[in-house]
Amino acid sequence: MDNSGPKKTCSESVKDFFTSAKFLIYMGHALSTWGDRMWNFAVAVFLVELYGNSLLLTAVYGLVVAGSVLLLGAIIGDWVDRNPRLKVAQTSLLVQNSCVIVCGILLMVVFQFKEQLVELYNGWILTSCYILVITIANIANLASTATSITIQRDWVVVVAGQDSSKLADMNATVRIIDQLTNILAPMLVGQIMSFGSHFIGCGFISGWNLCSMCVEYMLLWKVYQKTPALAVKAGQKEPQQELKQLSTPKELENGQSPEESSQPLMNETSVVAKPDSPKQSGFCHQVTEPLRTLKAGWVAYYNQNIFFAGMSLAFLYMTVLGFDCITTGYAYTQGLNGSVLSLLMGASAISGICGTVAFTWVRKKCGLIRTGFISGVAQLSCLMLCVVSVFAPGSPFDLSVSPFTDLYTHLIGEKALPEADHLLTGMLTVENATTAAPAEELPPLQSYMSVSLLFAGVIAARVGLWSFDLTVTQLIQENVIESERGVINGVQNSMNYLLDLLHFIMVILAPNPEAFGLLVIISVSFVAMGHIMYFGFAFKNLGSRLFLCCSPEQKIETVDSPSLPTTV
């Protein structure tokens with residue numbers, strides 16, 4: 001009898017899993033995401049509290065963050081591509097957490113001595129503190145973007161060992177961690193601020209990031225040691241060949257689908273040391289290099305054959321149909337209290353987790369490209385409930401009401417409710433929503449059918465949304481060479497922020513509840529356009545086989561893309 005080797009005991013298998021690079025990646029991501037979610041939640045609370053329950057600082061902060069990623073996404077991605085993986089991950093980690101720690105300490109000082117700071121130099125010292133907090137917090141967000149690109153879009157691919165099924169499972173697990181921390185982390189810091197104070201909340205977040213930074217640094221080093229492939233960027237080529245082609249899955253070259261084989265996803269490319277770039281003389285050349293990098297990054301993104309898949313994902317950000325500050329604020333105006341909204345947010349998280357689980361199952365049965373098509377159909381079908389809600393009983397939809405008159409009435413005439421400010425800045429937790437008493441009771445609605453249909457559609461659509469998001473993420477991971485992963489994902493983040501910014505502008509133009517139905521229709525239209533683009537991408541690659549789940553998927557044809565300017 002042929003024995004391949006001694007079988008591992010149960011305890012040994014468990015030990016191997018908890019010490020594996022895959023599990024360490026999960027642990028590091030969980031710590032990082034937990035800290036991010038706490039900070040993103042708390043900074044909005046702090047800014048509103050500091051500026052007298054006004055949304056001004058929060059709006060400025062959101063605009064600065066969105067604009068920075070939009071302009072610098074490609075440059076950040078290019079920096080990720082051009083530097084060793086460990087250096088990028090460690091630098092991003094240190095910068096991000098250090099900025100959050102400094103922000104937390106600065107906010108503690110402001111909360112403690114705000115009255116004294118107001119009197120110094122006619123309040124200019126306090127204003128300088130506000131500017132400093134927003135600036136440092138923005139730097140932390142840019143560093144977080146770099147961390148997300150290098151870990152979720154690059155390290156995960158390498159740790160997966162070029163196994164398509166393993167990569168899909170890791171992507172799904174990472175997304176489940178995102179869903180859980182998105183609900184639990186704000187609840188924790190909300191409890192601390194509710195039963196303690198904002199001063200204590202700032203101190204807790206600073207202390208958490210200090211401890212988390214040390215643990216994450218150690219985990220990154222462990223993952224790097226356990227995965228020798230991370231030491232080399234196999235996709236880098238000679239400068240004249242750089243950014244020339246997409247890699248081809250081996251299993252597809254052999255006529256097999258990714259689901260029929262666990263062969264490597266990416267072609268193994270011989271590592272060629274890049275010669276030192278020729279020195280470029282002139283001050284103008286050095287000054288304009290970031291602009292040339294930015295332009296080349298966007299052109300490279302446009303020339304990718306997964307361009308329409310990436311654009312389709314970006315179009316899904318142009319929507320008010322999510323559990324953000326806009327939707328929760330509208331729900332408040334429709335008579336839903338904090339308890340109901342927190343339950344709906346929990347149901348949304350569960351729906352998203354179901355979407356990640358469904359992604360792995362459907363991908364194995366139907367293939368990656370078809371999974372995106374099926375997910376899109378599912379999401380769009382569920383969003384039809386939201387369109388129906390616009391015309392259902394209880395809907396405030398009325399385009400005859402002037403949005404600007406209504407905005408003036410609410411903000412100037414009636415004085416906005418303090419709790420509504422918290423909801424509009426995304427600060428909804430069970431604690432602050434149920435304990436804070438509004439200054440005035442909202443009139444009872446004749447029917448809750450409209451708002452019920454709206455949230456039923458939003459929650460059900462999360463299954464298709466997260467499955468589609470994972471599909472496009474893996475398409476980019478599998479079909480972009482390693483030397484381009486950073487810049488392509490950086491541009492993808494910029495596109496996502498651009499469409500997200502447009503959806504906030506849309507709300508500013510029509511902020512009253514009577515116009516929310518129009519925003520719903522526009523949102524569903526953008527989602528539909530996004531999925532139409534994906535359908536074009538899928539049909540181009542699969543043709544009529546798109547509708548045959550048992551048919552193998554073929555490789556995506558490659559095209560040349562322009563190289564980025566060489567770093568001086």
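Predicted model: local features only at pLDDT ≥ 70, side-chain atom pairs only at ≥ 80, totals over all residues.
View 1. His-29 itself belongs to helix 2, which covers residues 21–50. With a relative accessible area of 8%, His-29 is buried, since buried means a relative accessible area under 20%.

View 2. The side chains of Asp-154 and Arg-85 meet here in a salt bridge, with a distance of 2.7 Å from N to O. Because Asp-154 lies in helix 6 (residues 124–159) and Arg-85 in helix 4, the pair ties together parts that are 69 residues apart in sequence. Both partners are buried, Asp-154 with a relative accessible area of 4% and Arg-85 with one of 2%.

**View 3. Arg-485 and its salt-bridge partners.** Arg-485 forms a salt bridge with Asp-154, in which the closest N and O atoms are 2.5 Å apart. This pair links distant parts of the chain, as Arg-485 is in helix 19 (residues 482–509) and Asp-154 is in helix 6, 331 residues apart. Arg-485 counts as buried, at 3% relative accessibility. Arg-485 also forms a salt bridge with Glu-482, and there the closest N and O atoms are 3.8 Å apart. Arg-485 and Glu-482 are three residues apart in helix 19, so about one helical turn separates them. Glu-482 is likewise buried, with a relative accessible area of 12%. Through salt bridges that share partners, Arg-85, Asp-154, Glu-482 and Arg-485 are joined into one network. The structure as a whole holds seven salt bridges.

**View 4. Helix 4 beside helix 8.** The axes of helix 4, which spans residues 85–112, and helix 8, which spans residues 198–226, come within 8 Å and cross at roughly 170 degrees. Helix 4 is therefore roughly antiparallel to helix 8, a description that applies to angles over 145 degrees. The residues of the contact between helix 4 and helix 8 divide into 19 nonpolar, nine polar and one charged.

**View 5. Helix 20 and the residue just after it.** Helix 20 runs over residues 516–542 and has 27 residues, reaching 38 Å from its first C-alpha to its last, which is close to the 39 Å expected at 1.5 Å a residue. Just after helix 20 comes Gly-543, which takes a positive phi of about 65 degrees.

Key
Residues numbered from 1 in each chain as written. Heavy atoms only, no water. Helix = DSSP H or I, 4+ residues; strand = E, 2+ residues; numbered from the N terminus. Expected span 1.5 Å × (residues − 1). Axes fitted to C-alpha atoms, helices over the stretch in contact; angles between N-to-C directions. Parallel < 35°, antiparallel > 145°, perpendicular 65-115°, else oblique. Nonpolar A, V, L, I, M, F, W, Y, C, P; charged D, E, K, R; others polar. Buried < 20%, exposed > 50% of the residue type's maximum accessible area, 1.4 Å probe, protein only. Salt bridge = Lys/Arg side-chain N within 4 Å of Asp/Glu carboxyl O.
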